[in-house]
Amino acid sequence: MPLAQTATTVPVVVNDDLCIADKGCTVCVDVCPLDVLRIAEKADGSKTAYMKYDECWYCMPCEADCPTGAVTVNLPYLLK
Amino acid sequence: MDEIQDGLTQIDCDILVIGGGTAGPMAALKAKRKNPNANVVLLDKANVKRSGAISMGMDGLNNSVIPGYATPEQYTKEITIANDGICDQAAVYRYAQECYGIIQELDEFGIRFQKDQNGEYDVKKVHHIGTYVLPMPNGDTVKKALYRQLRKARIQIVNRYMATRLLTGEGRIAGAICVNTRTAEFLVVRAKAVIMGLGAAGRLGLPTSGYLYGTYENASNSGEGYAMAYHAGAGLANLECYQINPLIKDYNGPACAYVAGPMGGYTANAKGERFIECDYWSGQMMQEFFDELQGGKGPVYLKLNHLAEETISEIERVLHIVERPTRGHFHAGRGTDYRKQMIEMHISEIGFCSGHSASGVFVDEHARTTIPGLYAAGDMANVPHNYMLGAFTNGAFAGLDAADFIADVDFATFDEGEVVAEQARVLAPTKRDDGIPPNQIEYKTRRLVNDYLQPPKVTAKMELAQQRFEEVREDMEQGMYVRDAHELMRSLEASSILDCADMAAAASLYRTESRWGLYHNRVEYERDDENWFCHTILTKGDDGKPAHSKKAVQPYVVEIADDEKDAYYNQRVDATVAAE
């Protein structure tokens, strides 16, 4: 039974230009109750936070606690 | 991060608190203050800074018993009536007596409560009989204030470890087995006492949106507390008394009549007419809600559009910053303006949660479970209608009692074989090359919960549910497959959810009567006080399946007059009032 790669829209969006993961910030990753955010390395070697798992309670600590306002929580499409 | 690694560490502590949401932090603080030499560990599968039901705060206390507004006797009576009399009053009465002290302590932590011009607490009436609702103007700061206290008290915090099974030995608690949610490494904690504050089983039914995490409860509250207590041999009470909520449709968050009600908002049918006198959540109220929908007068709405601009702005200010702040985004996306439209509501999927209902791990007025040294508090313990203040107060009781308990005991010895067996169970989905992902096991379980367990309850449907759950369990045990430590956490949650689904079906079939309005509406049976005026206790039987017994309701502390007993059944607004 092979696993499929099914596309999904993710509710949490991070603005790369504002994200300071490069400076070692992991606040949004740390506070998420469902642990769905991670830090990714971009093509140019810099880092940014992103939503790795589409398992969002749209609760907002990531947005509220982000020191630079880089994180936006949208509602998952299925319930919006 | 997330790669599965081998590893097992063992630590010792005097008191292990599992769950860093509401009850857990208060339990840890109280235990540490009572015995400053005690080594207290607070463990959470998320991060204590933002974990649990009040991750983003809370807009008020729904059940404060404040001198001058309500008495402990009056509150105890109200909660007993709201639960159709099935209530051990000692725990409710002690809560009612001591919650005011907890409010004052929270005040000292920097959490403010609304006061009137005279500096008195500004308590509002929402319940059917008494006055207990106290707004919190800076309710968004609760978790931060708690966290400061935990650091100050030097509580040892362990984040991102998920407890999976309790350890017992010598007839009492011995500790817990935990797994790191990002590495899959094991942590065995030996403890003289364990306090569980793991929240509701909030991921039991499937939301109508179909989104697995679109739940009313914090979706990380997936029922581990109930499952662990069950496997450890503790008793669970009245699990057939489900929690079902009147929520904003699709958003599945609280419509918050508790906030809007005292300001003039109310629950209405499609014609904008009020049909229930009281918006306080109870099984009887949910039955009226259900009847209105079934009777062709739905949808049901929260009505605010008759209110003045200043009132609506104030309601928005409160509701859009605390508890579920994305609510504002949701309404904006739908084009719903409180000034113009009513807010569509619906009946939620089922869950377990004593926060608003009455089921959970059985505890007494000291938050003691049926296993010595094991405590439970908050949404997962069976003290009815806990809400946030109940979690704080009963968490405090647990911490205080545990501090005494550890004074007289050493670590209980346990069978090391249990750790080996649990490692094998947990890691089984990592040992396969292919199989069913945890999200499909979970989706199927929860869809079956909706199909067969959602009230009104029908015997044949619930028996069918049991058969299907067994098939899913077979698939889970033989074929579940995970690729990393994060998915492993989800697989463990899927297992807890399935355990809770099994318990929900078994408990509902055992009580052959109807009680608690919609929560246990068994269409084939009437209410039967002669045979069922009792608690039902579910334990793990010798065959590994749920076993049941009846337990007498303890003699009342506060007597209820015969003409008061059914007050919660008199909620429907009569036709003349509705037509005005």
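Read along its sequence, chain A follows the pattern β-α-β-β-α-β, which comes to two helices and four strands. Helices here are DSSP runs (H or I, at least four residues) and strands likewise (E, at least two), numbered from the N terminus. This is a predicted model, in which local features need pLDDT of at least 70 and side-chain atom pairs count only at pLDDT 80 or more, while totals for chains, interfaces and linings use all residues. Residues are numbered from 1 along each chain as its sequence is written, chains are lettered from A in the order in which they are written, and side-chain values use heavy atoms, leaving out hydrogens and water.

Let's stay with chain A for a moment. Its C-alpha atoms fill a box of roughly 40 × 30 × 20 Å along the principal axes. Of the 80 residues in chain A, 45% are buried (under 20% relative accessible area, with a 1.4 Å probe and protein chains only). Contact means heavy atoms within 4.5 Å; among contacts in chain A between residues at least 6 apart in sequence, 55% join residues at least 24 apart.

Now to the meeting of the two chains. Chain A brings 31 residues to the contact and chain B brings 42 residues. Together they bury about 3100 Å², 56% of it on carbon and sulfur atoms; buried area is the accessible area (1.4 Å probe) that two parts lose on being put together, summed over both. On the chain A side, Leu3(A), Trp57(A) and Tyr58(A) lose the most area to chain B, together 22% of what that side buries.

Chain B averages a pLDDT of 95, and 99% of its residues score at least 70; pLDDT is the predictor's confidence in each residue, from 0 to 100.

Chain B also holds an open antiparallel sheet of four strands, in the order β10-β13-β12-β11. Strands pair if DSSP finds at least two bridges between them. The edge strands, each pairing on one side only, are β10 (246-248) and β11 (266-268) of chain B. β10(B) pairs with β13 (residues 343-347) of chain B over three bridges, and Pro246(B) has Ile347(B) as its bridge partner. Two helices pack on this sheet, as the table shows. Angles run from 0 to 180 degrees between N-to-C directions, with axes fitted to C-alpha atoms, for helices over the stretch in contact.

| Helix of chain B | Strands touched | Direction |
|---|---|---|
| α7 (residues 283-294) | β10, β11, β12 (300-303) and β13 | about 110 degrees with β13(B) |
| α9 (residues 327-334) | β10, β12 and β13 | about 65 degrees with β10(B) |

Conventions
Buried < 20%, exposed > 50% of the residue type's maximum accessible area, 1.4 Å probe, protein only.
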